[in-house]
Every structure is written in structure tokens, then in C-alpha cells.
Amino acid sequence: MKKLLKSFIFLPLIVIGAIAFVVFQVKSKAPIAHEETGYPVTAVEVITVKKLPFRARAMAFGHIEPAVTLKVKSEVSGKISYIHPDLKKGASIKKDTVVLRIEPTTFNISLSQSKAGLAGSQSSLAQLETEEKSTQRALTIAQNNLNIGLKEEKRIESLWDKRLIARSVLDKEVQKVLSLRQQVQDIQGKLSSYSSRKAATRAQIKQSESLVDKSQDTLGRTEIRLPFDARIGTVFVAEGEFTAVGSGNLFEASGVEAVEINAQLSSKQFRPLVSGLGGNHNGSINLNSPESLPAILSKMNLEARVRLVGDLSRETVWEGTLLRLGESIDPIRDTLGLVIGIDKPYERVIPGKRPPLLKGMYVSVELFSPEKPAMVLPRKAVHQDRVYIAMDNTLVIRPIRILFSQGNLVVISEEDESIKEGDKIIISDVIPVMDGMPVKTIAANDFEKALARKASGFTISVSSKNE
């Protein structure tokens, strides 16, 4: 019992002692040293902002079509007597070649009849002119005879007044003068009729000449010549076949001097191409007159590079020219039609490498605007219309105003003052990102050079320029 009582007395003393020891150890221990730390420094790649020679670029697609297509119809009726041996689908024939002839016998007869009628009318006119001259001479003689008769009448009348002759002599002379007067009047009347007769004959000559011209024209239409160097399409007739006027196409042909592409371009892509074309102080363009459109197209000075879709070979690139703009926007696809022309599509053909541009080929048209300075950034440097700028080894977040985007490039508006030339734009992915965080910059020089090449439209050169 006494041992149990002693245990209860010493146990609290042991606990109190242990606590006192722990408190002593804590108070006597040296304080913990605190190390001051900040955000970790992040290494980032940067490019220097500067204006680059920039060319707006857009891509359109379309099919090759001949610039000139000829669909020949018969202008006279008759049997086809001749067809050129090369008048076959796919053949090429030179300009002014007679490719088809319709039997001309009937038209030759008609021409001969028209010429005979013309010759008859011309002969009648010549005869009338001869008769007129003869009648004019007869009138002169008759007038002379009348003058002599009048003198004789006066002489006889003076003799009658002296009663030296009989009255019957005077009456006979008066009757003779009247006859001479009548003769002069008849000749004058006949002479005056020649004007109307010649006018009628000249009208007949004009009519005959028109018939001759018509017959010659009709005869000329029996021969069909190619108006240009052409590639033959479908031929619908054969030799010996009868054809009627306007009954249908005889054959089809396409010009080989040029082709056209009716390409469709997104209206959003077209806008950067014409940026800065305004001629007035407010940037407006006058389109009231049709003459202004060619001037605008010339002022645009767009470079067009045509390439077969899916073929990136250097040899399969052609240089084109913007000829016309579509009259409206396609409301469904939101595209604008552009007509691109290419000259000499059958030249510089390389078998197996560079084919001729044939009807129906599907091509892409890459359009470039003239160079002008612009502030261009890579798309990966823009984060929800903001950029990260390295300033004094610190990351600064700034909003920007984007004019438009082009592929992996972003063009900054000239009115944007949030960034300026010389700023260091971060192109690395920074996660997490915080305004004011410390950074260590690494100059991405190679990336800057690649960016400049892209901005200037560097791509595969047109083969014609390399030759």
C-alpha cells in the first residue's frame, strides 16, 4: 500500500520535469534562418519589332478555260465538199487555214448573174451619156437654124411692109420659124429627160453592185477559215453532208494564244490585297465610269502565280495577269470571282514535267500585292489579341490592334501605339504567364530572317522569270 502511494506522488513530478525540459530546449534553440526567394527566371526567345517589306497574299482556285472559243455555224446552205485533214478533235491548225468548204457552184452562178446585171446597167448609163451629148449638139444646130430663120423672117417682113412681096411669102416664112421653134423645144425636152433617166440607171447600177457584193459575200461564206491559231474541239459534220443555215455547230475551236481562269477568292482575303488603293485624300475610289475599272486593276499591280493543284514543282508555275473582277459576291460561299489571264499557255512545255494548260485543268492562283512596309508578327506571338514584351528583363503584357491575319502572320494596324519598333516580342510559350515576371531573353535571329522572307512573299519563283 505504501509503495502504491509513493508511485502516485512521483508520477506527476516526472511529467512536470519532462515538460520543463522540453520548454527549456525550445527556448534555448537558435532561431530558424529564412531565405528570401522570388519568381523563377524564365528563358524566352524574342524577336525585335520592326517594319518589314510586306506583300499581302491570297489564294484562289479555279479551272482553265480558253480565252477565245469559236463555235462555227453554217451561214449558207449546201453540201460540204471539203474538210481539212487536220480538222479533228485535239489537232492544232494555223490561222487563215481553210478548214471547211461548202459546194460553191450555185453561188458562183448567182454572182455571175449579178455581174451581168451590173454590166448591163453600166452599159445603159454609157449609152444615155452618149445620146445626151448627141442631143446637146442637135440642140445647138436647131438653135442656130432658129436664129437664121428669125433673121430671114425680119428681112421678109420689111419687104412686106414696102409691099414688095406677096403676103403668102411672109406667112410661109413665119410658119417656117414656128417649125424651127418647135424643133428646138422638142430637143430641149428630150435633153432635160436625160437627167432623170441617168439617175434611174445609176440607181440600177447601185442595186446591181449591191447584188454583186452580196453574191461575193455569200460565195465567201462557203469557205470557212480559222481567224486565229486554234486547237480543234468537237467536229460535228463530215464531208458530203448537207448543212442548212444556222442548223447547228459545224465544229468548235479554242484559241491557243491565251487562257483564262475564273477563280473564286474569299472576300476576306481580297480586302488586304486592295488595302491602300484609294486615290483621294479620304482613301475613296470612284467607280462611276467603266473606264475607271481598268485603271484600278492596273493600279493594283497584283502578281498572280498559277500552279497546278497538288504540284509544287518549279517548272509548273505560270505568271498570270488580273483581267477582270466579278460583278458581285457569292452570298453562299462569300467569294468574289477573279478572271486571271495567262499568255502563251502552250509554250515552254516540258514533256513529263511542264504540261500545256488545257481546258478544265484545276489550278490555284496565288495573288501578291506590291510590297509596302508593315509591322508584322508571327501568329504564335499573339495571345488573344495580346503580346508579351520583354522589357528590362521583365515580361509585360500589352493589347494590340490586328489589321488582318495572313497564314502564320499577323499585321498590326498602323494606328496601334501599344507597340513600337525596337520592342522585344516574346515568341516562346510561357506557362504560366504573369505580368511583371522576370525573364531572360534569347534573340531568335534565324526566326526573324524567316519571318522577313514570309512577309515579302518569298515562295517558288515563276519559271519564266528564272529562264
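## Helices, salt bridges and surface patches

Just after α2, Arg163 has a positive phi of about 60 degrees; helices (H or I, at least four residues) and strands (E, at least two) are DSSP runs, numbered from the N terminus. This is a predicted model, in which local features need pLDDT of at least 70 and side-chain atom pairs count only at pLDDT 80 or more, while totals for chains, interfaces and linings use all residues. Residues are numbered from 1 along each chain as its sequence is written, and side-chain values use heavy atoms, with hydrogens and water left out.

**Helix α2**

- Helix α2 (residues 105-161) has 57 residues and should span 84 Å at 1.5 Å a residue, which agrees with the 83 Å between its end C-alpha atoms; the expected span is 1.5 Å times one less than the number of residues.
- Gly120 lies in helix α2 and is partly exposed, with a relative accessible area of 35%; buried means under 20% relative accessible area, exposed over 50%, and partly exposed in between (1.4 Å probe, protein chains only).
- The C-alpha atoms of Gly120 and Gln204 are 9.5 Å apart, although 84 residues separate the two along the chain.

**Salt bridges**

- The count is 17 salt bridges, each being a side-chain nitrogen of Lys or Arg within 4 Å of a carboxyl oxygen of Asp or Glu.
- Glu131 and Arg197 form a salt bridge (3.7 Å, N to O).
- This pair links distant parts of the chain, with Glu131 in helix α2 and Arg197 in helix α3 (residues 167-220), 66 residues apart.
- Glu131 is partly exposed at 29% relative accessibility, and Arg197 is partly exposed at 36%.
- In the salt bridge of Arg57 with Glu366, the closest N and O atoms are 2.3 Å apart.
- Arg57 in strand β3 (residues 57-66) and Glu366 in strand β16 are 309 residues apart.
- Arg57 is partly exposed at 36% relative accessibility, whereas Glu366 is buried at 3%.
- Arg305 and Glu303 form a salt bridge with closest N and O atoms 2.6 Å apart, and both residues are buried.
- Arg55, Glu303 and Arg305 are linked in a network of salt bridges.

**Surface patches**

- Patches are made of residues with over 30% relative accessible area and no salt bridge, like charges being joined within 9 Å and nonpolar side chains (Val, Leu, Ile, Met, Phe, Trp, Tyr) within 5 Å.
- Phe61, Val309 and Tyr362 make a nonpolar surface patch of about 260 Å².
- Val309 is in the loop between β13 (303-308) and β14 (317-330) and is partly exposed, with a relative accessible area of 41%.
- Lys71, Lys73, Lys89 and Lys359 gather in a surface patch of positive charge.
- Lys359 is in the loop between β15 (335-343) and β16 (362-368) and is exposed, with a relative accessible area of 61%.

Key: Areas by Shrake-Rupley, 256 points an atom, 1.4 Å probe, with all protein chains shown as cover. Lys, Arg positive; Asp, Glu negative; His and termini not counted. Charge placed at Lys NZ, Arg CZ, Asp CG, Glu CD.
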